[in-house]
Amino acid sequence: MAAAQSSHLSGYSQLTHGGQNAEAYWSPDGKRLIFQTTRPPYECDQIFIMNADGTDQHLVSTGKGRTTCGYFLADNKHIVYASTHLAGDACPTPPDRSKGYVWGVFAGYDIFEATDTGKIVKRLTDTPGYDAEATINWKTGNMVYTSLASGDLDLWVMKVDGSVSTQITRTVGYDGGAAFSRDGKQLVWRAGYPKNAEQLAKYKELLAENVTAPMKMELMVANADGSNARAITNFGCASFAPTFTPDGKKILFASNKLECDSRKFELFLINVDGSGLEQVTSFGGFTSFPEFSPDGKTLVFCSDKDAKERYEFNIFTAKWE
């Protein structure tokens, strides 16, 4: 599938400078961003909040363990994020990369609600194994997240108060990185489903070691309850970090489809039926984790654009047209 070049982005602003910064998501009023970062004195990811212009970057997680996937609640005063701090103060042991490029789905991860000043209010998950990758729909008050509670990496939906948790995917394989459309009626996520017995055995072997291989991921779209799920990409590469456009008609995502199995990821735009693919960025490195501001006029994303070191990733914003 060919991708037409597009010119949606202009007026770039770099908000962070140095370290590994990723997964920046907007506050409901559009004035702040929550993101994860590895920077001194922390040896692995912690959750920070900053103003939308990059000022006042400060820690809001505990500073212990490892964290991921922070997100604001609708009241603009509370956040959710996943953390391993209850399992230990130290960073979890990184995955064994002798098995290839793998992600750690650490068993110590649980999802917590906290104030935007960092005070933990409630532990939202307490099942054995991985619970992380939460995003919130501010209109419905629903949270979608990835959990190993079923014995597989499935999507679950929970009310933001921690009640009424429901498993919504059941296909064997990895389901994660999900996001609702703004009206709360649709869901998009990345999925890696083994296609044969050999792939299934490898997936289960890695999962038993709390890791998963992310380099073959397609995008799935479904109703918010998981019904009518269908794949909208078939690139055979890694497509992830999908987010709906404000009108719910298209999905912006990251993929290395131009060079499979590489770390060169660009942003692409696609219709919810899988048609109309457009290439949005062409920076030549790693660009991912896009999200539209509440007013739809600004995009935030992570990139190694203009990085001074190999593993430096920064947060950028740009005008969306």
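Predicted model: local features only at pLDDT ≥ 70, side-chain atom pairs only at ≥ 80, totals over all residues.

Mentor: The phi of D261 is near 70°, a positive value in a residue other than glycine. Most residues other than glycine have a negative phi, and most peptide bonds are trans. E23 also has a positive phi, of about 50°, although it is not a glycine, but E23 belongs to strand β3 (residues 20-26). E23 counts as buried because its relative accessibility is 11%, which is under the 20% limit for that class.

Turning now to the part you asked about, D304 is placed in the loop between β26 (298-303) and β27 (314-320), and with a relative accessible area of 14% D304 is buried. Leaving aside residues up to four places away in sequence, D304 touches R263, G285, F286, E312 and F313. One of these, F286, has its backbone nitrogen 2.8 Å from a polar atom of the D304 side chain.

For a point elsewhere in the chain, consider Y42, which is 262 residues from D304 in sequence and 20 Å from D304 in space, C-alpha to C-alpha. As for peptide bonds, the one from P40 to P41 is cis, with omega near 5°, and P41 lies in the loop between β4 (32-38) and β5 (46-51).

Notes: Residues numbered from 1 in each chain as written. Heavy atoms only, no water. Helix = DSSP H or I, 4+ residues; strand = E, 2+ residues; numbered from the N terminus. Buried < 20%, exposed > 50% of the residue type's maximum accessible area, 1.4 Å probe, protein only. Contact = heavy atoms within 4.5 Å. Polar contact = N/O pair within 3.5 Å; in protein donor to acceptor, adjacent residues only side chain to side chain.
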